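Here is a short report to read alongside the sequence and the 3D view. Keep both open as you go.

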Amino acid sequence: MNIRVLVGTRKGAFILTSDGARKRWKVSGPHFAGWEIYHMKGSPVDPERIYASQTSGWFGQIIQRSDDGGKTWNTPGSSAEELKSPDGSPTGESNKFVYDTSAETGKPLTTHQWYDGTQHPWEFKRVWHLEPSPDDPDTVYAGVEDAALFRTTDGGKSWHELPGLRGSDSGPKWQPGAGGMCLHTILLDPKNPQRMFIAISAAGAFRTDDAGKTWRPINRGLHSQYIPDPAAEVGHCVHRIAMHPSRPNTLFMQKHWDVMRTDDAGDAWREVSDNLPSDFGFPIDVHAHEPETIYVVPIKSDSEHYPPKGRLRVYRSRTGGNEWEALTKGLPQRNCYVNVLRDAMSVDSLEPCGIYFGTTGGQVYASTNAGDSWKPIVRDLPGVLSVEVQTLP
Amino acid sequence: MIRVVLPPHLRTLARVDGEVELEVAGAVTQRSVLDALETCYPMLRGTMRDHVSQLRRPLVRFFACGEDLSHEPPDAALPDAIAQGSEPFLVIGAIAGG
């Protein structure tokens, strides 16, 4: 078995590879030097197929695709082979994310709530998260800012919105969080292809039970003091949701404040923060083999985006929440003021389970013993935006 | 032959070094130059102009012969020096941030 770690940073993409021992790492990159790489993820059915979201405030959104495990990349539909094809003149639409305002959607939606409470037009900015289908390498979901869900079924050559989400009744009440109004989490139910979960900052979590046609908010039990109605149906700043594939009805959430859990696919949430030093944070993830073992990285507060007391600590609960232990071995325990962003934690499926996370200071830490101890597998990269791990045969 | 200078990020994206040379059929305008550029380098579509409106992206500017042409109509003729290839058409990313 081999491990490939896909690291998106503020100034390019890096690919880290190791054999199953996970001791010696080879670093490849920067790919797309100078561009923000918000996220990269490989197809579960074809791990050599990797999708990447390359973005720039100047030049917009670029979708990149590799078919050889990250050695070479192309914008889908513009490879040399396709450019030469007499019938395949490139459409150049792989970078095109246009909101669906057609009459067929029933309710074309053009505004959402702005920071000051006024309505604001929906404006596409970037792709935050790419979620490849579990059974088709050409099908990928994209979560974007301003919040919406897109899908490609042709390997990234063209993208189309699933307008039922943005067109749901609550859309005009959605509002941006500090990082923008982003759809950052996409979870595909491995047991029920009709069911998906998504999360938006700051609207909350949503579920579809008809493969994306219709959606409903699943935020009952969330309590957010920073909104006028703390228990509102939408408006919660959900930072991340995680699921173990063996138990898709159980979800774990890191909210702006509070770590939450549901066991009924989001119908009701309960808080499981308990003895955490701070229940503010961004990522949350689940052990590959233990569905009740979860990980968070507590951050001091929403105005101080660094660990409490300058000590970088991952917290692990082996009881699905409430009872947390600090994991410190190998992590800096003084003068550490980095953050760990919401898409910057991932796990491998080796035994023992490997846990990986990247920091805004450019380190990627790995544990090969389910969090008991940690080592940096690369240092001094640009600020890390995302980390995804592939366990390769 | 029309000469175009891209900013570094777009040269990286298009995998070109230095200037790009293009054949442009008909009138040489911002629109026809950018159309030709995007036809040769489809990965550039959407990076300089909005996919739908075809309006210039806010932090992108167009210069030629020492003049800022960013706010000129897209179908206005570019200077003769551009059409004759003696001067390049410059695509500039605003100097801001990061």
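This is a predicted model: local features need pLDDT of at least 70, side-chain atom pairs count only at pLDDT 80 or more; totals for chains, interfaces and linings use all residues.

Residues are numbered from 1 along each chain as its sequence is written, and chains are lettered from A and ligands numbered from 1 in the order in which they are written.

**The two chains**

Let us begin with the overall build. Chain A has two helices and 29 strands; helices (H or I, at least four residues) and strands (E, at least two) are DSSP runs, numbered from the N terminus. The radius of gyration of chain A is 20 Å, close to the 21 Å of the globule rule for 393 residues, so chain A is as compact as a globular protein of that length. The radius is taken over C-alpha atoms, and the rule is 2.2 Å times the number of residues to the power 0.38.

Chain B has three helices and five strands, arranged along the sequence as β-α-β-α-β-β-α-β. Its radius of gyration of 12 Å is close to the 13 Å that the globule rule gives for 98 residues, so chain B is as compact as a globular protein of that length.

| Chain | C-alpha extent | Buried residues |
|---|---|---|
| Chain A | roughly 60 × 50 × 40 Å | 54% of 393 residues |
| Chain B | about 35 × 25 × 25 Å | 32% of 98 residues |

**Where the chains touch**

The contact draws 16 residues from chain A and 18 residues from chain B; two residues are in contact if their C-beta atoms, placed from the backbone, lie within 7 Å. On the chain B side, helix α1 (residues 8-14) supplies the largest share, five residues. That side of chain B comprises nine nonpolar, six polar and three charged residues. Here Ala, Val, Leu, Ile, Met, Phe, Trp, Tyr, Cys and Pro count as nonpolar, Asp, Glu, Lys and Arg as charged, and the others, Gly among them, as polar.

**The core**

Which residues touch the most other members of the largest nonpolar core? They are A:Val7, A:Ile198, A:Val364 and B:Val33, in a core of 128 residues. Such a core is a set of buried Ala, Val, Leu, Ile, Met, Phe, Trp, Tyr and Cys residues joined through C-beta atoms within 7 Å. Strand β14 (residues 196-201) of chain A gives the most to this core, with five residues. Leaving aside residues up to four places away in sequence, A:Val7 touches several residues, including A:Phe14, A:Val364 and A:Leu381.

**Strand β18 of chain A**

Why is strand β18 (residues 251-255) of chain A largely enclosed by the rest of the structure? Five of its five residues are buried, so the strand is largely enclosed. In a regular strand the side chains alternate between the two faces of the sheet. In β18(A), A:Leu251, A:Met253 and A:Lys255 lie on one side, A:Phe252 and A:Gln254 on the other, and all are buried.

β18(A) pairs in the antiparallel sense with strand β17 (residues 238-243) of chain A over five bridges; two strands pair if DSSP finds at least two bridges between them. A:Ala242 stands opposite A:Phe252. β18(A) also pairs in the antiparallel sense with strand β19 (residues 259-262) of chain A, over four bridges, with A:Thr262 as the bridge partner of A:Leu251. Three residues lie between β18(A) and β19(A) in their hairpin, where A:Asp258 takes a positive phi near 95°.

Key. A residue is buried if 20 or more other C-beta atoms lie within 10 Å of its own, exposed if 12 or fewer, and partly exposed in between; C-beta atoms are placed from the backbone.
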